[in-house]
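I opened this notebook to record what I looked up in one chain. The entries follow the order in which I checked things.

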Amino acid sequence: MAQPLTDGTRLELKHVVVSTVKPSERNPVVEKYDVALLDLYLPDFFLPVLFLYKPDPEEQIRLSGSEFVRRLKESLSKLLTQYYTFAGRYCKTYDTRIRELLCNDEGVPFIEAEIDEEMDKVVSLDDFQSLPILCGFEFVNLDARAFYQVKADFPLPACFIQATKFRCGGISVNVTFCHMVADGQAMFQFVKDWSQMTLEGHVTNRPIHDRSLSYPVSLLQSLMQSGNPEESEVETNNSQTGHATLPVDDKFIVGGERDRSDKGSRAGGPATLTDGKAVGPDCADANAPVDQAEAVRFTLVPAFTRKTLHVKKDSVLKLKQRAMDNEEGMVPTALDCMQSQIWRGLSSIPSSVDCKKGCVYGLVAEGRSRMHDPALPESYAGNAFLLTFTQPLDKPSDDPLTEASIIHNLVRGVTPQSWLGQFGRSISILLNSTTIEERTFFTSSWYRFPLYEADFGYGKPILSIVNGSSSTAHAGYAIIMPPRPGSDYLASVQIVLVPEVLQALLENSEFRSFFH
């Protein structure tokens, strides 16, 4: 497909209709949920995911764009009776920093629009550039370029959707999730269930929304007030669920308080990562003032840029083959190989580029089974993930399999007994990301999520991709996604970095041998 010929900032929407899709049946059971601790990793943050549809003429899909959208709304209404949290609103509580989820069946804002342009001239499948015009932020009074919606003093939707018809007959469906309502696994299960409801009229999955199965926000407050974290215990919201109590690692939250109390601290001065801890001159100052509106949010760094890259199959296979030839060594997964090459590339960038050295690298670990005992159900439709970081890497090792092995073991080291210390360390690193000497970067893998199973009767998507447009972030990050259908690549990676660091990474010869 040709490169886009139309500047996305100059596009205009036509025939815009904004409505609200409510559940077909009222939710008679739950009034509200207090957010769980893991729901607050990214508070007031919205994640847009774009699905592009352009039916192949040979498939003989006899469905107009208008009928397609009508079916979307009808099936969504039915699905929301089970996903009632997605039809709710996040409202501020007595603590202005933390919201509660009202399960009030308010519904999902749904925007219908048209663009008088060919899809091929707006979207590049191989070099995707974010298109906020397809997201619908402005129609729900939110800012597409803001990382956190801190200025929103009104109840936030848990989800909103925009369906846009193109002149050529193609349609985009952009689903924007509030990250407090669900993690990646739950988000894409929602889309998969929506697809099944549209095609079959029912769903086989039964989502579970009960936040009492996970860990409460009060855990953070009690730990910060305990004075001796080693003697604290971890319990779920519901003490009757049978989850084990956990000892708290002494590495917990050394980067300053960001709890629900009125106190907190800000990192100051240059800091380093020592023995797995971020330490700085002001890190222990519990009396330093904190803006309440920002108290549960990490410091944002402006002027980030994003680039979509593609992973070369042969490079990954060669690295895996080298490991298999060594009978005593560990054989990395394809995901291990991809992530280790990003880490090696970032660690090789000279400090003259950004006054940083090396890289401390984070991975998002799925936590339904790894963090809970007994395990959360796979159908848990909330947040159950952990961001866990490596030790700093000042420069790449001589053998790429070294970093691949570290990556391989990092996620497998997350257990119900260890996660709390890792959680504390990740918060500490993110709080101090602007002051520690090393670059801070993490990856979230969507590699095994069913991005291309979202068939609503208009065929499967020709592209499914994150459609974020924020120019700020609290650290560099990447999202690893499955390749689009028909692609010769192993995966696609959307990477977000400070421009000069991204440019230096793209100029690294080893990195280029893995990524196109």
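**Entry 1: surface and overall make-up**

I started with the accessible surface of the chain, which comes to about 20,900 Å². Carbon and sulfur atoms account for 48% of that surface. I note here that the model is a predicted one. The chain has 516 residues, and 56% of them are buried. I then listed the secondary structure and found nine helices and 20 strands. For contacts I took pairs of residues at least 6 apart in sequence; 78% of these contacts join residues at least 24 apart.

**Entry 2: helices α1 and α2**

Next I looked up how α1, residues 65–79, sits against α2, residues 184–200. The two helices pack at an angle of about 115 degrees, and their axes are 9 Å apart. Angles from 65 to 115 degrees count as roughly perpendicular, and α1 and α2 are therefore put in that class. The crossing of α1 past α2 is right-handed.

Which residues of α1 and α2 make the contact? On the α1 side I noted Arg71, Leu72, Ser75, Leu76, Lys78 and Leu79. On the α2 side the list is Phe190, Asp193, Trp194, Met197 and Thr198. Sorted by class, the contact holds six nonpolar, two polar and three charged residues.

**Entry 3: Val496**

I moved on to strand β20, residues 491–497, where Val496 is found. Is Val496 buried or exposed? Its relative accessible area is 1%. The cut-off for buried is under 20%, so Val496 counts as buried.

I then asked what Val496 is in contact with, leaving aside its neighbours within four places in sequence. The list reads Phe304, Thr305, Arg306, Phe441, Gly476 and Tyr477. I also looked up the C-alpha separation of Val496 and Lys307, which is 6.7 Å. Those two residues are 189 residues apart along the chain.

**Entry 4: backbone exceptions**

Here I kept a general rule in mind: most peptide bonds are trans, and most residues other than glycine have a negative phi.

The peptide bond that joins Asp373 and Pro374 is cis, with omega at about 5 degrees. Pro374 is found in the loop between β15 (359–366) and β16 (385–389).

His15 has a positive phi, near 55 degrees, and is a residue other than glycine. I placed His15 in strand β1, residues 14–21. Its relative accessibility is 60%; the cut-off for exposed is over 50%, so His15 counts as exposed.

Cys355 also is not a glycine and has a positive phi, about 60 degrees. Cys355 lies in the loop between α5 (334–347) and β15. With a relative accessible area of 73%, Cys355 is exposed. I looked up one C-alpha separation for Cys355: Glu437, 82 residues apart from it along the chain, is at 7.9 Å.

Conventions: Residues numbered from 1 in each chain as written. Predicted model: local features only at pLDDT ≥ 70, side-chain atom pairs only at ≥ 80, totals over all residues. Heavy atoms only, no water. Axes fitted to C-alpha atoms, helices over the stretch in contact; angles between N-to-C directions. Helix = DSSP H or I, 4+ residues; strand = E, 2+ residues; numbered from the N terminus. Parallel < 35°, antiparallel > 145°, perpendicular 65-115°, else oblique. Left-handed = near helix turned anticlockwise from the far one by under 90°. Contact = heavy atoms within 4.5 Å. Nonpolar A, V, L, I, M, F, W, Y, C, P; charged D, E, K, R; others polar. Buried < 20%, exposed > 50% of the residue type's maximum accessible area, 1.4 Å probe, protein only. Areas by Shrake-Rupley, 256 points an atom, 1.4 Å probe, with all protein chains shown as cover.
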